[in-house]
Amino acid sequence: MKKWLIDSFLPMWAKETVLAENRQLKRQLRQAQLENDKMKMYIQGLEVGFRAVKRITIHTGGNA
């Protein structure tokens with residue numbers, strides 16, 4: 001229905017503007033999704049690394 005409204009009622013210059021902005025927003029969205037996926041993988045790697053690190057215990061030599 002949205003396509004029908006755009007094709008039927010918008011003048012050509014407005015239609016081209018709307019479609020160009022839509023393409024640009026889709027590119028920006030895809031770029032943001034890729035960056036988000038990259039950050040999620042980075043966070044997942046950090047979590048795995050933190051779980052794998054052995055705990056270090058420091059003994060001060062006091063009698064407790």
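This is a predicted model: local features need pLDDT of at least 70, side-chain atom pairs count only at pLDDT 80 or more; totals for chains, interfaces and linings use all residues.
Good morning. A residue counts as buried under 20% relative accessible area, as exposed over 50%, and as partly exposed in between.

Ile-43 lies in helix 2. Its relative accessible area is 45%, so Ile-43 is partly exposed. Ile-43 also belongs to a nonpolar patch on the surface, together with Tyr-42, Leu-46 and Phe-50. The accessible area of these residues together is about 440 Å².

Let me turn to another isoleucine. Ile-58 is found in the segment after helix 2. Is Ile-58 buried or exposed? Its relative accessibility is 72%, and therefore Ile-58 counts as exposed.

I come now to the largest pocket. Its volume is about 160 Å³. Two elements each give two or more residues to its lining, namely helix 1, which covers 2-9, and helix 2, which covers 12-52. Which residues line this pocket? They are Lys-2, Lys-3, Ile-6, Asp-7, Val-18, Leu-19 and Asn-22. Helix 1 provides the largest share of the lining, with 4 residues. Sorted by class, the lining contains 3 charged, 3 nonpolar and 1 polar residues.

To conclude, I would ask you to keep two places in view: the nonpolar surface patch that includes Ile-43, and the largest pocket, with helix 1 and helix 2 in its lining. Thank you for your attention.

Methods: Residues are numbered from 1 along each chain as its sequence is written. Side-chain values use heavy atoms; hydrogens and water are left out. On a 1 Å grid over the protein atoms alone, a cavity is a set of points where a 1.4 Å probe fits but cannot get out, and a pocket is an open set with protein on both sides within 12 Å along at least five of seven lines; lining residues have an atom within 4 Å of a point. Grid points are joined across faces, edges and corners, and a volume is the space filled by probe spheres set on the points. Ala, Val, Leu, Ile, Met, Phe, Trp, Tyr, Cys and Pro count as nonpolar, Asp, Glu, Lys and Arg as charged, and the others, Gly among them, as polar. Patches are made of residues with over 30% relative accessible area and no salt bridge: like charges are joined within 9 Å, nonpolar side chains (Val, Leu, Ile, Met, Phe, Trp, Tyr) within 5 Å. Accessible areas come from the Shrake-Rupley method with a 1.4 Å probe; for residues, only the protein chains shown count as cover. A salt bridge is a side-chain nitrogen of Lys or Arg within 4 Å of a carboxyl oxygen of Asp or Glu. Buried means under 20% relative accessible area, exposed over 50%, partly exposed in between (1.4 Å probe, protein chains only).
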